Amino acid sequence: MKVRYSINGKKKEFEIEAGEVLLDVLRRNGYFEVKGNCYMGTCGTCTVLIDGLPYTSCTMLAAKVDGSEITTIKGIGTLQNPHPLQKAFVEKGAVQCGFCTPGTILVAYALLKSNPDPTDDDIKKMLDGNLCRCTGYVQQIEAIKLAAKMLKKGDG
Ligand code: FES
Ligand code: FES
C-alpha cells in the first residue's frame, strides 16, 4: 500500500508493507537521522514528531499515520542554521556520542512549544522515555533550560 506524509515540510509518498513500522519506512527511504535501537518503545532514540507531538517511530505503524506531518531532527535546524536547542546542547556538552541526541532534542522541542518555561521536574518527566548512556542527564537539563532562555529572548 501507499502512504503519504509531509516530512520536514516536503510531501512524500512511499510504498509500505503491511505491519511495517514508521522507523523502518523512514530509514529505508534515507532518513538516517532517525536512529533505531531497542525497537520496543523504551529507549526513545527513534523519536520523531508526528503532527507536532513526539512518538517513538519503532512502535508506530506506518499506515496509521498516513497523511501526517512528520518532523525529524533535520526539520528543526541545520548545520548552517541550528535551532537554539541544537546550539544549547553543544554549548552545555549535552552531546557526547550523540546517539540519543536527535530523539532527546525533539522531545525537548515539543516540551518548549507547550511549556516555554519548564522546571527541572518538567524536563525530567519529559525526558523519562529518552535514555542516554553518556551525559548523566545533567547537561541535557542545563541545555534545555538554556534553550528556553534563548527562545524567550528571540535568540536563534
Ligand atoms: S528504537 Fe524506538 S524506542 Fe528504542
Ligand atoms: S550522548 Fe551518548 S547516549 Fe546520549
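Which residue takes a positive phi just after helix 5? That residue is G154, with a phi of about 75°, where helices (H or I, at least four residues) and strands (E, at least two) are DSSP runs numbered from the N terminus.

Before I go on, please keep in mind that this is a predicted model, in which local features need pLDDT of at least 70, side-chain atom pairs count only at pLDDT 80 or more, and totals for chains, interfaces and linings use all residues. Residues are numbered from 1 along each chain as its sequence is written, chains are lettered from A and ligands numbered from 1 in the order in which they are written, and side-chain values use heavy atoms, with hydrogens and water left out.

The chain has five helices and five strands, and from the N terminus the order is β-β-α-β-β-β-α-α-α-α.

Let me stay with helix 5, residues 138-153: its 16 residues should span 22 Å at 1.5 Å a residue, and its end C-alpha atoms are 23 Å apart, which agrees; the expected span is 1.5 Å times one less than the number of residues.

Turning to the whole chain, 46% of its 156 residues count as buried, and the C-alpha trace spans about 45 × 30 × 25 Å along its principal axes.

Key: Buried < 20%, exposed > 50% of the residue type's maximum accessible area, 1.4 Å probe, protein only.
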